[in-house]
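Subject: Structure for your review

Dear colleague,

Please find below the structure I promised to pass on to you.

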Amino acid sequence: MKIAIIGSGMAGLTAGAYLAKAGHAVTVFEQFSSPGGVTATVTQDGYGWDIGPLLLEGFAPGDKGRMILEELGVSGQVPVVHEDRGLAMPEFALWRPKEYEGPAWRYERLKKLFPQESRHLDRYYRFYDRMIRLMSLARQAEGASGLRAVWLKLRMWVAFQGVKEMANWNGSQLMDHYFESPVLKTFFLGIVADFVTAPSEFPALGVPSIHLETAFDKRIPTYPGAKSAQTAYTYILDGCQRLVEAVMGVLLANGGKVLTGTAVKRIVIENGRATGVELADGRIEPADRVLASGGMKEVFFDLVGRENIPAGLATQIEANRLMESVLMVQLGIDFDPTPYQPAALCYYYKTQDLEKAVRRLRTGDYHEGKEGFLIYVPSLHSPSLAPSGKHAVTIYTVAPDTLAEGTWSGRKEELADKLVAEAEAHIPGLRAHTQTRLVLTPEDYRQRTHLKHHSFGGVPPVIGNKPPAHKTPIDDLWFIGAQSESTGGVLNVMTGAQKVAKQILQEQ
């Protein structure tokens, strides 16, 4: 088959690699000057920084992402290091202790910090354990069949009874049920702000999955593959560009093409079937199958055309809430930051009113870093990303795609300065010791991703969101990527693309 893929992010490259490996003629069309989408590593003056993924789940031995790399034959080209992250609030910070204190050390530490909430913490962690058991059974059931599948589903039903009453709750209700302290509520739910999702929009039963204990101490036992939801977290050594190049290498080695600087103007539809793509220069490229990644509105409204899709799909697309963007400041510094931040990655939460912060952000009211950010030092695990004795540092925070006051291009340096100043409260000397700086605004991400509204993680986990399915109502047109049913994140878009490629191959 002749296959056209729109977009060279990890969804497009993964699908393309599987299909090219199976012997099909694959061409990937990428409007940006380089492949990889936001799963890319940028360089400047001898420093390197990832512009998207940070601490990844699903790429340890036996996990889904690692198995995809093994199927493609490139697992050895994507080495990872098992790590964890810190979490800091104005009131306290929790870092992995030097000596391992067991899987419950954070639980015990929180009880000492919040003695009045001790019983509430006991109750929350019982809920956490139930959800881990339920999610682990669900993960095992995915690959099971026959009597084992029946047995696992029965166990899932039994496990679900313990949390059934919370199935229709949101994150705010869950936190109010367990805690009185607004600090503790933010501690467990703060990561939803990373999705620009309000606590009242986030499904309650999803809270443990976004705040796994294994993310904060790599020594807590994890189980390979589908046995446990308590996954290992890893960094890709030398940057995420290695992942891009490894998967793209499979596509190229099997005769596929990646054409950068080549924008698609429309998807050609004839008699309800996708038959190719029209490029920006007017050329028509015929195809037996078209796979489109990117924004749901951009794909279905602009490339396909509203007139070619059912009214129900158009309504569904309009109903989905998208994430906002980020402001990312990349620094090259000439000193060791570990006396101030002992882990490569730390989230710094600065507000206890997540609900108001998220809703204000959506109106274009940018917090300038005062409500939270993260600091990531990739050169701590990958020394190749900085000159000897120096370090690469990323400071980033969620930001509105469009500012209520001014423009990102007009305020780029001002707002970058303010974010770095906030970070200096935790790592002093960043400005004085900066050797080089690279600022990426929502406008830069829009240009890279070809989105009218840059949604950093695609479709956020908001109650009621239902992104379009991979298989579209148009014959031979498939929708993949962070705004499809797979939702965002490197692991999700790669597993979604794998699923689509295998389905296409089965339907031949």
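Rings of Phe, Tyr and Trp (for Trp, the six-membered ring) are taken to pair if their centres lie within 6.5 Å; planes under 30 degrees apart count as stacked, those over 60 as edge-to-face, and the rest as tilted. By this criterion, ring pairs join F92, Y107, F114, Y124, Y125, F127, Y128, Y178, F179, F187 and F188 into a cluster.

Before the details, two notes on the source. This is a predicted model, in which local features need pLDDT of at least 70 and side-chain atom pairs count only at pLDDT 80 or more, while totals for chains, interfaces and linings use all residues. Residues are numbered from 1 along each chain as its sequence is written, and side-chain values use heavy atoms, with hydrogens and water left out.

Aromatic rings

The search of the whole structure gives 22 aromatic pairs. The pair of F92 and F114 is edge-to-face, because the ring centres are 5.7 Å apart and the planes stand at 75 degrees. This pair links distant parts of the chain, 22 residues apart: F92 is in the loop between β7 (86-88) and β8 (93-94), and F114 is in the loop between α3 (105-113) and α4 (118-142). Helices (H or I, at least four residues) and strands (E, at least two) are DSSP runs, numbered from the N terminus. F92 counts as buried at 10% relative accessibility, and F114 is buried as well, with a relative accessible area of 9%. Here buried means under 20% relative accessible area, exposed over 50%, and partly exposed in between (1.4 Å probe, protein chains only).

Charges over rings

A charge sits over a ring if NZ of Lys or CZ of Arg is within 6 Å of the ring centre and within 35 degrees of the ring normal. R106 lies over the face of F216, at 4.0 Å from the ring centre. The charged end of R306 is placed over the ring of F301, 3.8 Å from its centre.

Sheet

An open sheet of 3 strands runs in the order β5-β9-β6 with antiparallel pairing; two strands pair if DSSP finds at least two bridges between them. Its edge strands, β5 (56-57) and β6 (80-82), each pair on one side only. β6 is joined to β9 (residues 233-236) by 3 bridges, and V80 has I236 in β9 as its bridge partner.

Cysteines

The structure holds 0 disulfides (pairs of cysteine sulfur atoms within 2.5 Å). For C240, the nearest cysteine sulfur is that of C346, 19 Å away. C240 is buried, with a relative accessible area of 2%, and C346 counts as buried at 0%.

With kind regards
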